[in-house]
There are 2 protein chains.
Amino acid sequence: MKLAHNARIAFQGERGAFSEEAALKLTGANTKLVPRPTFEAAFSAISEGVADYILAPIENSLAGSVHRSFDLLVESDLHIIGEVIIPIAHNLIALPGARVNDLAVVESHPVALAQCEQFFIAHPAIKRVAAEDTAGSVRDMMKLGDPKRGAIASRRAAEIYGATILAEHLEDDRENYTRFLLLAPKSYEAATAEVADKISLVFECQHVPGALYHALAPFARRNINMMKIESRPMRGKPWQYRFHLDLQASAREPEVAAAVAELEKLSAQFRILGSYKAAETAHDKSISDTERSR
Amino acid sequence: MKLAHNARIAFQGERGAFSEEAALKLTGANTKLVPRPTFEAAFSAISEGVADYILAPIENSLAGSVHRSFDLLVESDLHIIGEVIIPIAHNLIALPGARVNDLAVVESHPVALAQCEQFFIAHPAIKRVAAEDTAGSVRDMMKLGDPKRGAIASRRAAEIYGATILAEHLEDDRENYTRFLLLAPKSYEAATAEVADKISLVFECQHVPGALYHALAPFARRNINMMKIESRPMRGKPWQYRFHLDLQASAREPEVAAAVAELEKLSAQFRILGSYKAAETAHDKSISDTERSR
């Protein structure tokens with residue numbers, strides 16, 4: 001999608017993070033990427049005036065929903081204006097000249113480590129160490145200059161920090177994709193409304209038997225496809241939940257608008273998080289897109 | 001609940017973990033606690049012959065579901081036979097004699113760190129460092145003997161490792177509870193059937209519009225209360241989900257059995273994970289229980 005030239009996109013992580021790759025895929029090379037150390041810092045980048053957009057990982061096809069992004073999105077008044085899916089390929093990265101047999105420690109984000117289980121089973125002498133993020137572990141490794149340390153991260157991270165890739169595709173499962181949302185202040189919403197074919201909304205039902213069932217009825221009756229449902233705990237109300245729905249639907253269709261209005265009436269709380277163009281979900285397509293862009 | 005004398009209960013973490021506190025609350029002091037370094041190691045403890053039961057955290061009232069436990073439970077053939085809820089109170093723990101102003105680093109599990117945001121905002125000079133688990137960070141701190149290091153963990157962890165509590169209730173939100181499941185080989189199931197008032201099950205719908213809505217109908221029509229729904233990604237089928245339901249219902253009631261059978265018929269995959277006695281959810285009750293047991 002087309003953003004203004006030099007639009008600033010904040011993301012959590014270091015240069016070389018998967019979020020950076022996702023931003024490039026979605027918006028092209030015309031934008032300025034703003035790395036932020038934490039999810040909180042990424043989400044506050046617009047209000048602090050250092051970014052125009054935020055790109056946040058929302059779901060991985062193996063690990064599931066990224067809870068922190070769901071919660072920070074709801075706490076903010078940001079709007080989803082786009083999404084993108086990228087394949088996650090993990091690389092074993094080390095200092096130039098280092099060999100796999102030299103490694104005593106391999107560092108990465110805990111989710112990345114968990115997705116490379118087979119590698120660690122095959123190399124029981126290598127200790128896995130949890131780090132804040134994938135690309136940051138490559139940067140730290142280069143800074144320390146210790147050939148006994150390795151990292152698991154993207155090809156991009158290895159390139160940015162001048163490290164060597166010792167092995168590609170460390171991930172146990174190739175069907176490994178992460179979906180990211182592009183967030184903007186509400187005023188940007190209109191820009192994508194024309195091609196929008198997906199709606200994300202969040203609501204709280206009444207706390208009675210059958211409440212969720214009745215909340216889904218407006219969509220089921222109209223054959224509107226629900227792509228995802230996610231429940232998140234409500235702060236201060238233990239074991240009560242708010243629900244996030246993704247619908248395969250255009251908000252401009254009267255039937256869809258009627259269904260959404262019906263849910264809004266049933267809900268104790270309700271908010272449309274965005275109406276935007278769904279990312280391509282064809283997996284092979286995503287992979288070849290990335291290969292091509294290298 | 002009553003388990004055999006010296007029954008061995010495996011849990012993820014070190015001695016002093018919140019799981020250990022939960023095990024004591026659920027089964028009393030008669031059991032033998034078996035700490036295991038990872039979730040994977042905890043879940044394989046029965047098949048390895050080192051434990052009779054497993055106690056696994058399944059949900060925190062602020063952070064939400066513990067994905068890893070959901071997935072490992074489904075991958076196993078274990079059965080839920082009980083559950084327990086404990087309040088999570090975080091303590092700032094350091095070497096005996098250390099003071100808050102000495103601390104340069106505070107280590108703990110990332111979820112614990114995130115739940116003590118206000119403390120870190122009030123002490124910007126203290127760096128937060130992610131560790132594998134809460135109690136393990138206390139043990140490591142004691143081993144290193146560095147008065148500049150602190151940890152966030154349970155009172156129990158401080159006591160076990162001989163550390164000092166510098167501040168109590170570091171958690172931002174007192175309404176902080178974790179729910180744990182007691183898991184056993186299937187043969188144990190009968191033991192709790194009589195008092196069971198909760199059913200957990202997992203299913204996969206057909207991949208068609210309205211599938212989840214229709215899956216919930218058997219319960220909604222009979223006014224059976226759904227306590228929780230959780231969706232988890234299906235391995236090898238990106239953006240498709242299996243659903244976990246918790247029902248407030250006794251499997252021995254014919255209406256409940258009929259509803260469950262109806263869902264089973266609608267599902268591509270279906271399994272009852274357990275029928276067991278629900279934990280007390282009254283929050284003050286849980287807190288006073290713990291206070292009393294000290």
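This is a predicted model: local features need pLDDT of at least 70, side-chain atom pairs count only at pLDDT 80 or more; totals for chains, interfaces and linings use all residues.
Some ground rules. Local features need pLDDT of at least 70 and side-chain atom pairs count only at pLDDT 80 or more, while totals for chains, interfaces and linings use all residues. Residues are numbered from 1 along each chain as its sequence is written, chains are lettered from A and ligands numbered from 1 in the order in which they are written.

I start with α9 of chain B, residues 254-266. Helices here are DSSP runs of H or I with at least four residues, strands are runs of E with at least two, and both are numbered from the N terminus. α9(B) has 13 residues and reaches 19 Å from its first C-alpha to its last, close to the expected 18 Å; the expected span is 1.5 Å times one less than the number of residues.

Which residues of α9(B) are buried? They are V256(B), A259(B), V260(B) and L263(B). Buried means 20 or more other C-beta atoms within 10 Å of the residue's own, exposed means 12 or fewer, and partly exposed is in between, with C-beta atoms placed from the backbone. The buried residues of α9(B) fall within an arc of 95° seen down the axis, so they line one face of the helix. That arc is taken over the directions from the helix axis to the C-beta atoms. On the face turned away from the buried side are the exposed residues P254(B), A258(B), A261(B) and K265(B). The cover over the buried residues includes β12 (198-204), α8 (211-221) and β15 (269-276) of chain B.

Next, the domains of chain A, with bounds from an automatic or database domain assignment. They are domain 1 (1-87 + 176-191 + 280-294), domain 2 (91-167) and domain 3 (197-276). The C-alpha centres of domains 1 and 3 of chain A lie 23 Å apart. Their contact takes 11 residues from domain 1 and eight residues from domain 3, where contact means C-beta atoms, placed from the backbone, within 7 Å. On the domain 1 side, α3 (67-75) and β5 (79-87) of chain A are the elements giving two or more residues.

Between the chains, the contact takes 32 residues from chain B and 32 residues from chain A. On the chain B side, α8, β13 (225-234) and β14 (237-248) each supply at least two residues. β13(B) gives the largest share, seven residues.

Last, the core. A nonpolar core is a set of buried Ala, Val, Leu, Ile, Met, Phe, Trp, Tyr and Cys residues joined through C-beta atoms within 7 Å. Of the 168 residues in the largest one, I54(A), V138(A), I54(B) and V138(B) touch the most other members.

Definitions and conventions. Two residues are in contact if their C-beta atoms, placed from the backbone, lie within 7 Å.
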